[in-house]
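This briefing covers a two-chain model, grouped by topic. Please read it alongside the sequence and coordinates shown here.

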Amino acid sequence: MNLVDKQLVQRRMNRRILKSRIMRQLFFLATAFGIVVLAVLLYRIFSEGIAYLDWEFLTSFASRFPEESGIKAAIAGSLWLMVVTAPISLILGVGTAIYLEEYARENKFTRFIRMNISNLAGVPSVVFGLLGLTVFVRLMEMGRSVMAGGLTMSLLILPIIVVAAQEAIRSIPKDQYEASYAMGATKWQTVRRVVLPAAIPGILTGGILALSRAIGETAPLLMIGALSFVAYLPENIWSSFTVLPIQIFNWTGRPQEEFHLVASAGIIILLLALLLMNSIAVLIRNKFSKRY
Amino acid sequence: MATATKTQQISIFNTNEPDKGKTKTIYSIENFNLWYGTDQALYEVQMEIPENKVTAIIGPSGCGKSTFIKSLNRMVELVPSVKMSGSIEYKEKDIFSPKYKVEDLRTDVGMVFQNPNPFPKSIYENVVYGPKTHGIKKKSILNEIVEKSLRGAALWDEVKDRLNENAFGLSGGQQQRLCIARCLAIEPDVILMDEPTSALDPISTTKIEELVQTLKKDYSIAIVTHNMQQAARISDKTAFFLNGEVIEYNNTDKLFSNPDDKRTEDYITGRFG
């Protein structure tokens, strides 16, 4: 006698297949929801902002008149911010990751550090802004400068870079280490000639994504007091400055309707910058990722 | 000129008359125990590994043979929880002595691993990795090392026209011979091989076995294998490991034809393992 009733199996077949199809549609809807919302947002921004987007917009300073308003100071400020943030956060982040993965002994203390680095990535950015205000602006008397803003941003994205670099280092097969050590290479030689070349694509990808987060962040810079109306370019890292998101934030807060359209134009620039950076990250990942 | 050196060599050889026929010991291991955390993997290992011979280490999976060979160049210490007792002497120097730097030991003792593990670099860069590590920068010397090492690993003719291609483009067997070449490039005295053919096809395996035969003229070789025929074919001495103990260590002919221990006999006749 058969334990599996073939007729019953047949009768249930259609229902099972139907269920499977319904689930497929549900998951598709979940994806579509996000895409539709994004599309609506993009449509609104482009339809509002495109009229203001021209060469003049890119090359003039902020103004009281919406038609004359430009984003030059904010673009320059964002670039200056990157000049400070990128090297500091990458050097500190990669250094931390190398120490944790290669040198640190496995004990309670390193486990505690590791756990807290992941936790730091989840700390609200306003908190980092407060930290920057207290330590860099006040305590170290840097004022509301590019330097203070850049250091604050470095702290903000440091945990992301550390985690990305740790992942990149951890994904290197153990036999690569063995090959190097077995030939009498020291730890540093192994790190420099085996680990870093193999981890660089992952580190750069993570680093660029982290930097694109820094470009879009507003709250910490508002806390440390980046200016919102700047009619000059920062001359060095000690100048005061504004950045793209703060400029946009400022425009959306104006009572005049036209400034909201100017803000949309600013958002387009910001989105383009982010898109560019993320594409570079994807490009690096595809081009340099190594197969083992 | 050539004849002069030859006679010189002979005269040196003659003064060493008392040593003639006696093989020198390169490694002597005494009462060596090893633990991974609380699990003991090796028990009271007692062995002498002869110079310029092939010593095979056989035994079933998990018997500690890989652990043992990795102890000889202290690679086993990459596992953080390892603890050891007893002594291993390489050329009469205690390898665990703080004065004997591990980098120094590994410069004299090369290793080839179970799976071919070339670096994701060119063939050339793979071979010069070791010499560059030890500070050799001169291009002409590096070029010479590359040719000599690749010839030594019987790979030169196959790759001489594409030294700048990525090593991952080679077949598995070629990759393993590249790893042997990379190991030869630091001019070690000993080559440790941890199941070097287990991931390879029969033809590549034969090539590596032939290579081992030629290499033993200049190097002392210790090879872990789970292939008993391979041990019988290529080695001079064989050690049989079981559950972390050396059950029998003997000349290969003797061990395979007339073993002293019942357990060795059971293993080589295929009654277990």
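Not counting residues up to four places away in sequence, Ala182(A) touches Asn73(B), Met75(B), Arg106(B), Gly110(B) and Met111(B), where two residues are in contact if their C-beta atoms, placed from the backbone, lie within 7 Å. The model is predicted: local features need pLDDT of at least 70, side-chain atom pairs count only at pLDDT 80 or more, and totals for chains, interfaces and linings use all residues. Residues are numbered from 1 along each chain as its sequence is written, while chains are lettered from A and ligands numbered from 1 in the order in which they are written.

- Ala182(A) sits in the loop between α7 (174–181) and α8 of chain A; helices (H or I, at least four residues) and strands (E, at least two) are DSSP runs, numbered from the N terminus.
- Ala182(A) is buried, because 29 other C-beta atoms lie within 10 Å; the class needs 20 or more such atoms, exposed means 12 or fewer, and partly exposed is in between, with C-beta atoms placed from the backbone.
- Between the C-alpha atoms of Ala182(A) and Glu68(A), which are 114 residues apart along the chain, the separation is 67 Å.
- Across the interface, 16 residues of chain A are in contact with 20 residues of chain B.
- On the chain B side, the elements giving two or more residues are α3 (102–108), β6 (109–112) and α4 (123–133).
- That side of chain B has ten nonpolar, eight polar and two charged residues; Ala, Val, Leu, Ile, Met, Phe, Trp, Tyr, Cys and Pro count as nonpolar, Asp, Glu, Lys and Arg as charged, and the others, Gly among them, as polar.

**Helix packing in chain A**

- Helices α5 (residues 125–139) and α6 (residues 146–170) of chain A have axes that come within 9 Å and cross at roughly 135 degrees; axes are lines fitted to C-alpha atoms, for helices over the stretch in contact, and angles run from 0 to 180 degrees between N-to-C directions.
- α5(A) and α6(A) are therefore oblique to each other, given that angles under 35 degrees count as roughly parallel, over 145 as roughly antiparallel, 65 to 115 as roughly perpendicular and the rest as oblique.
- From α5(A), residues including Phe128(A), Leu131(A) and Phe136(A) meet a set in α6(A) that includes Leu151(A), Leu155(A) and Leu156(A).
- Helix α10 (residues 244–252) of chain A has Leu244(A), Pro245(A), Ile246(A), Gln247(A), Ile248(A) and Trp251(A) buried.
- Those buried residues of α10(A) pack against α3 (72–103), α8 (187–216), α9 (219–224) and α11 (257–288) of chain A.

**Helix packing in chain B**

- In chain B, α7 (residues 172–184) and α8 (residues 202–215) pack at an angle of about 20 degrees, with axes 9 Å apart.
- α7(B) and α8(B) are therefore roughly parallel to each other.
- Gly172(B), Gly173(B), Gln176(B), Arg177(B) and Ile180(B) of α7(B) make the contact with Ser204(B), Lys207(B), Ile208(B) and Leu211(B) of α8(B).
- By class, this contact of α7(B) with α8(B) has three nonpolar, four polar and two charged residues.

**Chain B overall**

- Chain B contains eleven helices and ten strands.
- Along the principal axes, the C-alpha atoms of chain B fill a box of roughly 55 × 50 × 40 Å.
- Of the 273 residues in chain B, 44% are buried.
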